[in-house]
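Here is a briefing on one predicted model. Please look over the sequence and the 3D view before reading on.

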Amino acid sequence: MTAIVLLCQDPALGDWLAGLFARHAPHLQVLRAHEPQARQAQVAVCWFPPAGSLAELPNLRLIHSIGAGVDHLAQYPSRDPQVPVCRVVDPDHIHGMSEYVHWGVLHFHRGFDQVLAGRVDQRWQRPVQRQARDYRVGVMGLGAIGAPVAQRLATAGYAVRGWARAPRHIDGVQSFAGSEGRAAFLDGLDLLVNLLPLTAATHGLLDRQVFACLAPGAALINAGRGQHVNEADLQAALAAGQLRGALLDVFEREPLPADAALWHTPGVWVTPHMASAASDACIASQVAANVGRLEAGLALNNRVDPELGY
Ligand code: GLV
């Protein structure tokens with residue numbers, strides 16, 4: 001029987017994962033890292049695995065992320081770069097992300113940010129009502145999550161643009177691709193949504209040059225990774241009014257430290273990496289399916305392209 005080891009730095013997360021597999025996939029042999037047989041595991045199920053832990057597994061044949069992102073694995077790779085990496089792609093996760101982003105778009109488009117800020121000094125001031133069709137929203141990242149999010153915003157009536165590494169066709173979305181298409185994509189956007197995967201190519205991508213291309217007083221929604229954003233440039237763009245606000249769900253350090261400036265920066269709305277996550281049942285069933293496929297010698301589901309890093 002294939003042995004699976006759970007690798008994560010947070011012990012509470014390890015307990016939660018152990019319970020999740022016990023409930024939803026009791027047929028799997030799931031071990032915690034401290035158990036003696038764990039070193040023999042062929043499959044590692046991970047979220048920010050402890051430093052060096054993947055390299056200590058001589059029989060490793062599959063690394064499975066419990067989420068859509070795999071950037072948490074890059075820091076501590078396995079000893080064999082050929083070991084396949086898979087991720088969880090959950091339709092409910094996609095749906096949840098669409099809800100979060102749609103809410104964020106409404107928040108800025110309908111001026112709820114300004115109205116809520118007005119509570120402090122009892123300001124009764126109606127925001128200007130703009131039609132959705134005149135509100136230009138750009139989605140960066142058009143993969144398994146970004147494409148349906150862009151589609152939902154288009155269906156809601158927004159003027160939606162999308163940007164990805166390679167051209168994508170999505171109904172109702174004006175698509176741009178590559179570094180050559182980036183300036184035209186960003187030009188005059190009222191709101192930029194980041195859903196890119198974190199790779200060496202996207203690290204720090206959201207910087208002063210990007211913010212300067214947006215419409216004056218534009219807003220940012222970041223539900224990708226904190227490392228996509230150059231925080232000093234974000235702070236400067238907010239202070240200068242080039243950005244009127246930012247809804248941030250992800251941060252370079254999580255939980256966001258209590259003394260982080262972002263908690264108090266005017267115009268910044270902090271949410272605790274809650275935009276969306278794969279469901280317990282889906283994590284268990286997708287890992288179990290891939291363990292079965294590994295045993296049967298079949299192609300794995302949701303395998304990450306090692307060249308692209310997602
Ligand atoms: C969440 O951030 C995920 O990668 O699934």
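Residues are numbered from 1 along each chain as its sequence is written, and side-chain values use heavy atoms, with hydrogens and water left out.

**Ligand site**

- Polar backbone atoms of alanine 68 and glycine 69 each lie 2.7 Å from an oxygen atom of the ligand.
- An N or O atom in the side chain of arginine 225 is 2.9 Å from a ligand oxygen.
- Of the 190 Å² of accessible area that the ligand has on its own, the protein covers 87% (Shrake-Rupley method, 1.4 Å probe).

- Strand 11 spans residues 243-248, and five of its six residues are buried (under 20% relative accessible area, 1.4 Å probe, protein chains only).
- Helices (H or I, at least four residues) and strands (E, at least two) are DSSP runs, numbered from the N terminus.
- Strand 10 (residues 218-222) pairs with strand 11 in the parallel sense over five bridges (pairing needs at least two DSSP bridges). Asparagine 222 sits opposite leucine 248.
- Helix 8 (residues 231-240) carries the chain from strand 10 to strand 11 in a right-handed β-α-β crossover. Right-handed means a clockwise path from the first strand over the helix to the second, with the strands pointing away from the viewer.
- Strand 12 (residues 268-270) runs parallel to strand 11, joined by three bridges. Alanine 246 has valine 268 as its bridge partner there.

**Backbone features**

- Most residues other than glycine have a negative phi, and most peptide bonds are trans.
- Glutamate 254 and proline 255 are joined by a cis peptide bond, with omega about -5 degrees. Proline 255 is in the loop between strand 11 and strand 12.
- Phenylalanine 48 has a positive phi, near 50 degrees. Its place is the loop between strand 3 (43-47) and strand 4 (62-65).
- Glutamine 122 has a phi near 50 degrees. Glutamine 122 lies in the loop between helix 4 (112-117) and strand 6 (136-140).

Note on methods. Predicted model: local features only at pLDDT ≥ 70, side-chain atom pairs only at ≥ 80, totals over all residues. Polar contact = N/O pair within 3.5 Å; in protein donor to acceptor, adjacent residues only side chain to side chain. Buried < 20%, exposed > 50% of the residue type's maximum accessible area, 1.4 Å probe, protein only.
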